[in-house]
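Some notes on this entry follow, as numbered points. Please read them with the structure open.

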Amino acid sequence: MTPKLVIASRNEHKIQEMRRILEQAGIHVELVGTAEFPDLPDVEETGSTFAANAMLKARAVSEFTGLAAVGDDSGLCVDALNGMPGILSARWSGSHGNDSANLELLLAQISQVPADRRNASFVCAAAYASPDGTEFVVEGEMNGSLITAPLGDNGFGYDPIFIPTGHQITSAQMSSEEKDAISHRGKALAALFALL
Ligand code: IMP
């Protein structure tokens, strides 16, 4: 029987991305999102690090479902803002999940920062928790720099203003496969699945 793993997310985009990464790694696991568990309470991201928040999600979902679970937490760390928005990336403009408001606010905040000081990194922590007590967290990073106006329609969040190091296009101008191969989430999940 194929083992079942719950992804602590209702975000179908993230779940599809994880399925692609698992497939590429040749790992046979049935991934299910938390949409399959409608009574699952929302897990509050009260941790002060990506790793702590990822583990809060994995642990809560594993305890509730009785199955092994993976939780992730990610965000953009901007050097000129001392690592912010960081764990507050999704809520930077105040309303959770408003990608374009978050991006516009960030662009305004760094409008006076010259091109050679616009370095930033996407960071992703991925945590695993299982009913047998096994727990671990791994992290992945994608370094790059921020441009001054959005370019590209793929991806989400801050992708349209982020050019990964060694590339000439934003991560919103890349195909999903191109981005997965270099992304913070791709790296964290590949490391996590390699440990399973
Ligand atoms: P999470 O869903 O709590 O991990 O929040 C992640 C937030 O960080 C998103 O809402 C985006 O603002 C940002 N973020 C994380 N990963 C990416 C990415 O791959 N591209 C663009 N934005 C991202």
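1. A residue is called exposed when its relative accessible area is over 50%, and buried when that area is under 20%. The model under review is a predicted one. With a relative accessible area of 75%, Asn-82 is therefore exposed. This residue sits in the loop between β3 and α3. The phi of Asn-82 is positive, near 55°, although the residue is not a glycine.

2. The loop between β3 and α3 (99-109) is also the place of Pro-85. The peptide bond that joins Met-84 and Pro-85 is cis, with omega about -5°.

3. Helix α1 covers residues 12-25, 14 residues in total. From the first C-alpha to the last, α1 reaches 20 Å, close to the 20 Å expected at 1.5 Å a residue. Its buried residues are Lys-14, Ile-15, Glu-17, Met-18, Ile-21 and Leu-22. Seen down the axis of α1, the buried residues fall within an arc of 160°, so they line one face of the helix. As background, an α-helix has 3.6 residues a turn, so residues three or four places apart point the same way.

4. What covers that buried face? The cover over the buried residues of α1 includes the strands β1 (4-7), β2 (30-33) and β3 (68-78). It also includes the helices α4 (176-182) and α5 (184-195). On the other side of α1, Glu-23 and Gln-24 are exposed. Gly-26 follows α1 and has a positive phi, near 70°.

5. Helix α3 can be read in a similar manner. Asn-102, Leu-103, Leu-106 and Leu-107 are the buried residues of α3. They cover an arc of only 130° around the axis, which puts them on the same side of α3. The cover over these buried residues includes β3 and β5 (135-146). Ser-100 and Ala-108, on the other side of α3, are exposed.

6. A search of the whole structure gives 2 aromatic pairs. In one of them, the ring centres of Phe-122 and Phe-162 are 4.6 Å apart and the planes stand at 55°, so the pair is tilted. Phe-122 belongs to strand β4 (residues 119-129) and Phe-162 to strand β6 (residues 162-164), so the pair ties together parts that are 40 residues apart in sequence. Phe-122 counts as buried at 7% relative accessibility, and Phe-162 is buried with a relative accessible area of 0%.

7. Tyr-128 and Phe-136 form an aromatic pair that is stacked, at 5.2 Å centre to centre and 20° between the planes. Tyr-128 is buried, with a relative accessible area of 12%. Phe-136 is buried as well, with a relative accessible area of 18%.

8. Which residues come nearest to the ligand? Of the 16 residues around the ligand, those are Ser-74, Asp-159, Lys-179, His-184 and Arg-185. An N or O atom in the side chain of Asp-159 lies 3.0 Å from a nitrogen atom of the ligand.

Definitions and conventions. Residues numbered from 1 in each chain as written. Predicted model: local features only at pLDDT ≥ 70, side-chain atom pairs only at ≥ 80, totals over all residues. Heavy atoms only, no water. Helix = DSSP H or I, 4+ residues; strand = E, 2+ residues; numbered from the N terminus. Expected span 1.5 Å × (residues − 1). Buried < 20%, exposed > 50% of the residue type's maximum accessible area, 1.4 Å probe, protein only. Arc of directions from axis to C-beta. Contact = heavy atoms within 4.5 Å. Phe/Tyr/Trp six-rings, centres within 6.5 Å; stacked < 30°, edge-to-face > 60°. Near = heavy atom within 4 Å. Polar contact = N/O pair within 3.5 Å; in protein donor to acceptor, adjacent residues only side chain to side chain.
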